[in-house]
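Subject: Handover of a structure and notes on it

Dear colleague,

Please find the structure below, together with its sequence. My notes on what was found in it follow.

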Amino acid sequence: MTQPILRMQNVSKVFGGVKALSDVTVDVFPGDVLGIIGPNGSGKTTIVNNITGFIKPTSGKIFFKDKDITGMAPHKIADMGVTRTFQVMRPYYSLPAYKNLVIPLFSPRAKRTGGWRGGGRLGDRATVAVDILEEIGFERDSNIPFKPTSSLPTGYLKRLELARCLSLKPEVIICDEVFSGLSMSEIASMVPLIERLHAEGITIVMIEHRLRELFQVANRVMVMNFGEKLIEGTSDEVMADAKVKEAYFGSEKIEEVMTYA
Amino acid sequence: MTTQELRKERIDRGIKVRSDGLYALMSWREMAYLALPRLILIGGMLSLPLLMPGVYWQRVISIVCIYAILALSFDFLAHYVGLVSLGGAFFIGTGGYIAGILNSYFGVPPILTVPLAAVIGGVVCTILLFPCLPLKGVYFAIVTLMYPLFMARIIEAFDIFGGTDGILGIDSFSSAFVEQYFIVAMLLIFVFGIRRMVNTDMGLIFTAVMDNDQAVKASGISITKYKSLAVFIASGMGCLAGACLTHIYMWTGISQFALDFSILPIAATVIGGSGTLVGPLLGCLILVPVSELLRDFGTLRIVFYASLLVGFILFKSEGLMVFGQRKYEQFERWKGI
């Protein structure tokens, strides 16, 4: 078996009295598309924040290619190639869209790698930024890449989040609900993009509520509930599991519910 | 011309339209349209010391420039990096004391103390402010307000560097001419330098840190590094101004940590137009001489001064420079194609 590229080992996170994550262990292998699903508040985003260093786990270890990255600063983790998108988009609203990418392209990692397509050589950052935006679905002929970010619709902002990851030439992208808030047609055009990134060898971890699209791209799915890992497996295995049904739809036995009430 | 034609022309005439491409090189008029405001600023500032009647008003010009450098550093930190700093007095005091100590204890001539004070002061201020860098907005403002008070009390309590008397007998600049032109030149260099810097790729990082520091972290860039770099630039400018002030007065003391140096630059920035970098200079050009003129009124000075401020905030809250720039960009009769 190959070496996991990302590994969470018994990671727990406690916020005051709330146990947001308890003893989560998961391996992500190179070339995986791991889906993480679960009801609201089950700790999915906390997993992302822990891996990318935005919060430090209370206990447990996180490894990236055998290197312990537990509690490292977010920019150092991003510098190693583990990038993330934010569920609530975080673009730079006072800049035009393409200048949003000039910032990640200015980072040490982009200077080393030359951006998404660059072979270790970075040209003019604005040009590279527009190139990346075009590949990710901003029409070059239009003036959309040059518009103020504050005037862009949600679909473009979600793509901009992905573009920020790509300009770092990432090894892992952790997508925090990239489909949420998008229309059906926008999602339909986003799925091939994710598939393309996967085909290029980028390992992807996806947190998602839209199961149909997620199952299209994910080869493994992990289900979270109340900060615990319920089950991990292929989409069919997961959907057949009784515990998952219970977490999503409540208990199957109506009598049981009635006795509690 | 009909209103409609005028309106159409106005839409086409934004300074952006001209400067974003090569349009500016189309004609002398186009180039003049871009260059003239800058030339007026440079020419005006350089001729001010010559136009002023008497030594007293020439001295006022130097003080205006010192405040303008401070206001510029405030504007840069607040509107391009997102750190609202009330540390103007801290920068002035640190720069002033470093220049004073270097000059009177070690005999370094003013030509060296000023740049040394800027660099050493910048480093000292950055190191002292470093623990506060994770703070944002008003929280950063409160902590930076604490520093000048803190420094003044320390000097007073430990009776170091001359204690409450300060350090006397510091060399002045070699002549009034050198003094004024040195400060005016530094101010102009800073205004144009900062304006240029905020538009480079590195300057964009500062704006990004202000907009959204989480996203900058996720981009693999250390925000602490860029925040401290910005604080170093701003405090270095402030310390240079402080060093000049020390050499002008030939004295340094704890009144250089007075809160005037923190507050007046902010007022000037509000009047001049925040985020424009030239606005603060304009604000200082108004506020400092007005405050000098009102000296005759004794304590009533504050009343007039405050009414002026309130008037500006009520009727031109966007600031003179923002207003002026907008009007200039709408300026119609410049060009016939």
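In S2(A), Leu21(A) is the bridge partner of Lys13(A). Please bear in mind throughout that this is a predicted model.

**The six-strand sheet of chain A**

Chain A also holds an open sheet of six strands, in which the pairing is mixed and the order is S6-S7-S8-S3-S9-S10. Strand S6 (82-84) and strand S10 (228-233) of chain A each have a single partner strand, so one side of each has no neighbour in the sheet. From one strand to the next, the twist averages 15 degrees.

Within this sheet, strand S3 (residues 33-37) and strand S8 (residues 203-207) of chain A run parallel and are joined by four bridges. Gly35(A), for its part, has Met206(A) as its bridge partner in S8(A). Helix H1 of chain A, residues 44-51, packs on the sheet. The strands of chain A that H1 touches are S3, S6, S7, S8 and strand S9 (220-225), and the direction of H1 makes about 145 degrees with that of S7(A).

**The domains of chain A**

Chain A is divided into two domains: domain 1 takes in 1-81 + 173-178 + 203-261, and domain 2 takes in 87-170. Their C-alpha centres lie 28 Å apart. Eight residues from domain 1 of chain A and eight residues from domain 2 of chain A make up the contact. On the side of domain 1 of chain A that touches domain 2 of chain A, the elements giving two or more residues are helix H2 (74-80) and strand S7 (172-176) of chain A. By class, that side of domain 1 of chain A has three nonpolar, two polar and three charged residues.

**A helix pair in chain B**

In chain B, the axes of helix H5 (residues 88-106) and helix H6 (residues 110-129) come within 8 Å and cross at roughly 135 degrees. H5(B) is therefore oblique to H6(B). The crossing of H5(B) and H6(B) is right-handed.

The residues of H5(B) that meet H6(B) include Phe90(B), Phe91(B), Ile98(B) and Leu102(B). Among those that H6(B) brings to this contact are Pro110(B), Val114(B), Leu116(B), Ile120(B) and Val124(B). By class, the contact of H5(B) with H6(B) has 13 nonpolar and five polar residues, and no charged residues.

**Where the chains meet**

Which residues bring the two chains together? In total, 16 residues of chain B are in contact with 23 residues of chain A. Helix H9 (201-211) and helix H10 (213-218) of chain B each supply at least two residues of the side of chain B that touches chain A. H9(B) gives the most to that side, with six residues. The residues of the side of chain B that touches chain A divide into seven nonpolar, six polar and three charged.

With kind regards

Notes
Residues are numbered from 1 along each chain as its sequence is written. Chains are lettered from A and ligands numbered from 1 in the order in which they are written. This is a predicted model: local features need pLDDT of at least 70, side-chain atom pairs count only at pLDDT 80 or more; totals for chains, interfaces and linings use all residues. Two strands pair if DSSP finds at least two bridges between them. Two residues are in contact if their C-beta atoms, placed from the backbone, lie within 7 Å. Ala, Val, Leu, Ile, Met, Phe, Trp, Tyr, Cys and Pro count as nonpolar, Asp, Glu, Lys and Arg as charged, and the others, Gly among them, as polar. Axes are lines fitted to C-alpha atoms, for helices over the stretch in contact, and angles run from 0 to 180 degrees between N-to-C directions. Angles under 35 degrees count as roughly parallel, over 145 as roughly antiparallel, 65 to 115 as roughly perpendicular and the rest as oblique. A crossing is left-handed if the near helix is turned anticlockwise from the far one by less than a right angle, and right-handed if clockwise. Domain bounds come from an automatic or database domain assignment.
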